[in-house]
Amino acid sequence: MGDDKSSIPMGSRERDRELLIPVGAAGDNPADDSDHKPSSSSASSSHHSSGREAFYKVFRSWASKKFMTGCVILFPIAITFYITWWFIHFVDGFFSPLYAQLGINIFGLGFITSITFIFLVGVFMSSWLGSSILSLGEWFIKRMPFVRHIYNASKQISAAISPDQNIQAFKEVAIIRHPRIGEYAFGFITSTVVLQNYSGEEELCCVYVPTNHLYIGDIFLVNSRDIIRPNLSVREGIEIVVSVGMSMPQILATLDPRTIHVDRPIARSS
């Protein structure tokens with residue numbers, strides 16, 4: 001019998017071993033592993049791509065904010081340098097052609113000459129002779145039909161910032177209640193007037209309230225007791241108007257606390 005077992009061919013034994021292999025073990029071959037690997041790699045790649053997109057969004061937001069911050073900082077500096085450079089070229093152009101005729105081409109020499117000329121004009125016009133010549137020139141200008149209106153308007157603007165208190169158009173900075181109770185208007189006191197009526201005399205202040213830049217506005221006659229006088233100079237008030245309120249200080253204090261009071265009812269005649 002032993003000889004019969006040994007006589008079984010080897011091929012049949014191998015086939016018997018293959019039949020004993022479980023079917024579930026077939027998934028452990030390398031071919032199946034290669035089928036499962038792409039799904040895990042695709043999930044990891046999608047995770048990395050979403051992370052890159054989030055990083056790019058954060059970076060773009062940060063870069064845009066920093067860029068706008070740089071623009072906000074550099075814009076007023078650039079405007080200031082541009083206007084200053086334009087002003088220097090403009091003033092330099094008054095006397096630079098004269099120096100060019102003499103063969104002298106030095107940038108800034110005309111600007112220095114113009115500033116010196118303006119200073120000398122101020123010194124000369126402050127004297128009696130200069131004021132007399134100026135008055136004579138104004139007399140001729142005011143006789144011209146169209147030129148006198150331009151001169152009067154420009155003179156009022158220049159007188160508003162004049163350091164001479166005698167000719168200064170804007171005497172004080174004023175805050176009045178306008179147009180309704182609880183709302184205030186920013187203006188300048190230009191003059192005072194005494195109003196005589198049946199109940200006596202009343203001192204009124206002529207308050208100029210700019211409505212379009214500085215040279216166009218409304219005039220109000222307000223009782224001097226109803227005017228709030230802040231601790232601002234005329235130059236500071238003009239800067240506030242020119243900057244459309246952007247240079248307004250965060251805190252305003254009055255020069256005299258007694259000027260702030262509750263509105264009293266108007267007395268009516270029976």
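This is a predicted model: local features need pLDDT of at least 70, side-chain atom pairs count only at pLDDT 80 or more; totals for chains, interfaces and linings use all residues.
1. Let's start with the cysteines. The sulfur of Cys 205 sits 8.9 Å from the closest cysteine sulfur, which belongs to Cys 206, and that is too far for a bond. A disulfide would need the two sulfur atoms within 2.5 Å.

2. On to the nonpolar cores. The largest has twelve residues, including Phe 170, Val 173, Ile 175, Phe 186, Phe 188, Tyr 208 and Ile 228. Which elements give two or more residues to this core? They are β1 (172–177), β2 (184–197) and α7 (234–242). The largest share, four residues, comes from α7. Apart from this core lies another one, of nine residues, and Cys 205 from my opening point is among them, along with Ile 176, Ile 189 and Val 207. As general background, nonpolar side chains tend to be buried together in soluble globular proteins.

3. Helix α7 deserves a look of its own. Its residues Val 234, Gly 237, Ile 238, Ile 240 and Val 241 are buried. Why do they end up on the same side of α7? Because they cover an arc of only 160° around the axis. Of these, Val 234, Ile 238, Ile 240 and Val 241 also belong to the largest core.

4. Leaving out residues up to four places away in sequence, Ile 240 touches Phe 186, Leu 232, Gly 245, Ser 247, Met 248 and Pro 249. Phe 186 and Leu 232 are, like Ile 240, members of the largest nonpolar core. Just after α7, have a look at the backbone as well: Val 244 takes a positive phi of about 50°.

5. Finally, the annotated spans. An unreviewed UniProt entry lists residues 67–88 and 108–134 under "transmembrane region". How much of each span is helix in the model? Residues 67–88 are 100% helix and 0% strand, with the end C-alpha atoms 31 Å apart. Residues 108–134 come out at 89% helix and 0% strand, and there the end C-alpha atoms lie 29 Å apart.

Note on methods
Residues are numbered from 1 along each chain as its sequence is written. Side-chain values use heavy atoms; hydrogens and water are left out. A nonpolar core is a set of buried Ala, Val, Leu, Ile, Met, Phe, Trp, Tyr and Cys residues joined through side-chain atoms within 4.5 Å. Buried means under 20% relative accessible area, exposed over 50%, partly exposed in between (1.4 Å probe, protein chains only). Contact means heavy atoms within 4.5 Å. The arc is that of the directions from the helix axis to the C-beta atoms. UniProt positions are given in the numbering used here, feature names are shortened, and annotations may be inferred rather than shown by experiment.
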